[in-house]
Amino acid sequence: MGDSRVIDRRILALIPHRPPFLWVDTIISLSETLIETRTTFAEDLEVFQGYYPGNPLLPGVLLCEAVYQSGALLLAGSFEEQNDTRIPVLTRITDTRFKRRVLPGETVDIEVTLIDSISSVSVLRGKARVGQELALKTEFYCALIEP
């Protein structure tokens, strides 16, 4: 089971994550304070074999990671033009709520908004949806560090 996804090249240019631990496929839109991304969790992902076998669902931590990677893309995109080589690293997670399961083969739309920045730390709010249904909402903090 290889990773047969087509991954947006902008993603590979902005953050260091790579398959098999890259959970964002496409950047839909990107501004200074908002990013919209999309990913599909293929039915043949190995994680589905061992996580609730016979009734597979996506582990919540991987759904969170897709949102956090989208936040890293938002931050990296905002300082790409400044030749800033720092990378965003997750430092805090608050107010995370799971609202709906994500099943094998489903496509998830992610939206992350930059709420505030203080020095090298940014506060972000993210949502993940399957269709019109909210699957996850979370608030998180990222610090910019030297690679």
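1. Contacts come first: residues 24 or more positions apart make up 60% of the chain's contacts with a separation of 6 or more. A contact here means heavy atoms within 4.5 Å.

2. A word on the basis: this is a predicted model, where local features need pLDDT of at least 70, side-chain atom pairs count only at pLDDT 80 or more, and totals for chains, interfaces and linings use all residues. Residues are numbered from 1 along each chain as its sequence is written, and side-chain values use heavy atoms, leaving out hydrogens and water.

3. The chain has 3 helices and 6 strands, arranged along the sequence as α-β-β-α-α-β-β-β-β. Helices (H or I, at least four residues) and strands (E, at least two) are DSSP runs, numbered from the N terminus.

4. Now to the sheet: it is open, has 6 strands in the order S1-S2-S4-S5-S6-S3, and pairs them antiparallel. Strands S1 (26–30) and S3 (87–98) are at the edges with a single partner strand each, so one side of each has no neighbour in the sheet. Two strands pair if DSSP finds at least two bridges between them.

5. A closer look at one pair: S1 and S2 (residues 34–40) are joined in the antiparallel sense over 4 bridges. Threonine 26 has arginine 38 in S2 as its bridge partner.

6. As for overall dimensions, the C-alpha trace spans about 45 × 30 × 25 Å along its principal axes. Of the 147 residues, 39% count as buried, meaning under 20% relative accessible area with a 1.4 Å probe, protein chains only.

Methods: Buried < 20%, exposed > 50% of the residue type's maximum accessible area, 1.4 Å probe, protein only.
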